[in-house]
Amino acid sequence: MRKLFVVLVVLASVPALAHHNYRLRFDDSVDITLSGVVTNFDWKNPHIEIFLDVTDENDNVSNWVLPTAAPGVAGRNGITPETVLTGDTLVVTGWPARNGSNEMRARIMTLEDGTEYRLSP
């Protein structure tokens, strides 16, 4: 019975470990920088997400999803739910998705006024 309990606990924890291992989903050997307009700043647990419309040199718009820190971490770094509003322009640096999708693990966010925030612990 004890072995069964241990096996069940280990199996139940695997999704949580995979969820928090950003190096599996994102390439931490590369930093990219995006500049775009915020379409949503989703302040939620377990991680805040920034939705950003990025326009390229040919005026093509791509929609990006930028997972960031947990609200508690963001709060300790001076970020509130009102720091970023829909329509704001941001410059965000982070790790691109390994699968080539329009997703980036956001690490540093710079507001239009030049204020910079770290988006990780």
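Two strands pair if DSSP finds at least two bridges between them; strands are DSSP runs of E of at least two residues, numbered from the N terminus. The model is a predicted one, in which local features need pLDDT of at least 70 and side-chain atom pairs count only at pLDDT 80 or more, while totals for chains, interfaces and linings use all residues. Residues are numbered from 1 along each chain as its sequence is written, and side-chain values use heavy atoms, with hydrogens and water left out.

Strand β4 (residues 89-96) runs antiparallel to β5, and six bridges join them. Within β5, Met 104 stands opposite Pro 96. Strand β5 spans residues 104-110, and five of its seven residues are buried, where buried means under 20% relative accessible area (1.4 Å probe, protein chains only). Strand β6 (residues 116-118) also pairs with β5 in the antiparallel sense, over three bridges. Here Ile 108 stands opposite Arg 118 in β6. The hairpin of β5 and β6 has five residues between the strands, and Gly 114 takes a positive phi near 95°.

The structure also holds one aromatic pair. Phe 41 and Trp 43 form this pair, with 6.1 Å centre to centre and 50° between the planes, and it is tilted. Rings of Phe, Tyr and Trp (its six-membered ring) pair if their centres lie within 6.5 Å; planes under 30 degrees apart count as stacked, over 60 as edge-to-face and the rest as tilted. Phe 41 is buried, at a relative accessible area of 13%.

As for confidence, the average pLDDT (the predictor's confidence in each residue, from 0 to 100) is 88, and 83% of the residues score at least 70.

Terms used. Buried means under 20% relative accessible area, exposed over 50%, partly exposed in between (1.4 Å probe, protein chains only). Helices (H or I, at least four residues) and strands (E, at least two) are DSSP runs, numbered from the N terminus.
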